Amino acid sequence: MASLELRPDSKKQVDDFCQKFTKEAEDLISKFFPQKIEELQVLLKTSFSCDDLASLKAPLDIPIPDPVKEEAKRKKKEEKEGKKEDKDDDKEDKEDEDSGPPCGPICTNERVEILLEQVKPQIQTLKEKLNMVTMWVQLQIPKIEDGNNFGVAVQEKVFELLTNTRTKLEGFQTQISKYYSERGDAVAKASKQSHVGDYRQLVHELDQYQYCELRLMTLDICNTYAVLFDVITKNFDKIKKPRGDGKALIY
């Protein structure tokens, strides 16, 4: 029977690492998960206690054009186009066309931004802890043999839950990036076509939607810690000893 030759010191190094890692992972599940559940409950009660979504509106420093002045500007432009102008006039017109909107810098929604800065670390922390728990489950997988694999099937179910949760968290991060992109587009349209009120309202709608999404993300993260704690503690014996104590089965 073929076997891999291992140096005793190499095997000891790996065994020590696995033992240390296993203890850290089990402490993570038994102590850190309950702490995070309590922490996120407090966050939901304090930072996500807004009952009036209209109060989330951020000021948009975009002046609304005066119809009289715009009409005068249009007539002046038509008169210029009807005449032959020199190069200096052409250059001046080009500069007018290339100039930016008649407003200063438009900042992000400060309240939503504060919430984003609170939620993003929570997503990253959970992703890192999921990686640790996944590694812990993989270290418990026994040697592949025929029969008595019910415990291994439990491990696979837990591993599947961890993988699906990680995919969901990556979706949260993508949604946050999408918010910035969509809000930036809406602000750009509102500044270029400042007479269209719908673009202004779109910016406010995106802020309100993002607030609701961030609250749901926080709830989901909190629930994930609770579900993982519940599933792992209920099946701890099967995860740690998927084939039991090695006693023969009686049929």
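Reply: Buried means under 20% relative accessible area, exposed means over 50%, and partly exposed lies in between. The model to which this is applied is a predicted one.

Me: Why is Thr165 called buried?

Reply: The relative accessible area of Thr165 is 9%, under the cut-off of 20%, and therefore Thr165 counts as buried. Thr165 is found in helix α5, residues 150-192. Leaving aside neighbours within four places in sequence, Thr165 is in contact with Leu130 and Thr224.

Me: Why does Cys18 count as partly exposed, and what makes Cys50 buried?

Reply: Cys18 has 21% relative accessibility, a value between 20% and 50%, so Cys18 is partly exposed. Cys50 has 18%, which is under 20%, so Cys50 is buried.

Me: How do you know that Cys50 is in no disulfide?

Reply: The nearest cysteine sulfur to that of Cys50 belongs to Cys212 and is 8.6 Å away. A disulfide requires sulfur atoms within 2.5 Å, so Cys50 is in none. The structure as a whole holds zero disulfides.

Me: What makes α4 and α6 roughly parallel?

Reply: Helix α4 (residues 110-139) and helix α6 (residues 197-234) pack at an angle of about 25°, with their axes 10 Å apart. Angles under 35 degrees count as roughly parallel, and α4 and α6 are therefore described in that way. The crossing of α4 past α6 is left-handed. Residues making the contact include Leu126, Leu130 and Trp136 of α4, and Tyr211, Thr224 and Leu228 of α6.

Me: Why are α1 and α6 called roughly antiparallel?

Reply: Helix α1 (residues 8-46) packs with α6 at an angle of about 155°, and their axes are 9 Å apart. The cut-off for roughly antiparallel is over 145 degrees, so the term applies to α1 and α6. Here too the crossing is left-handed, with α1 passing α6. Among the contacting residues are Phe32, Phe33 and Leu40 of α1, together with Leu219, Cys222 and Phe229 of α6.

Me: What is the mean pLDDT of the chain, and over which residues is the pLDDT below 50?

Reply: The mean pLDDT of the chain is 84, and 79% of the residues reach 70 or more. Over residues 95-100 the pLDDT is below 50, and this stretch has zero contacts in the model beyond near neighbours in sequence. Residues 247-251 also have pLDDT below 50; beyond near neighbours in sequence, that stretch has one contact in the model.

Notes:
Residues are numbered from 1 along each chain as its sequence is written. This is a predicted model: local features need pLDDT of at least 70, side-chain atom pairs count only at pLDDT 80 or more; totals for chains, interfaces and linings use all residues. Side-chain values use heavy atoms; hydrogens and water are left out. pLDDT is the predictor's confidence in each residue, from 0 to 100. Contact means heavy atoms within 4.5 Å. Buried means under 20% relative accessible area, exposed over 50%, partly exposed in between (1.4 Å probe, protein chains only). Axes are lines fitted to C-alpha atoms, for helices over the stretch in contact, and angles run from 0 to 180 degrees between N-to-C directions. Helices (H or I, at least four residues) and strands (E, at least two) are DSSP runs, numbered from the N terminus. Angles under 35 degrees count as roughly parallel, over 145 as roughly antiparallel, 65 to 115 as roughly perpendicular and the rest as oblique. A crossing is left-handed if the near helix is turned anticlockwise from the far one by less than a right angle, and right-handed if clockwise.
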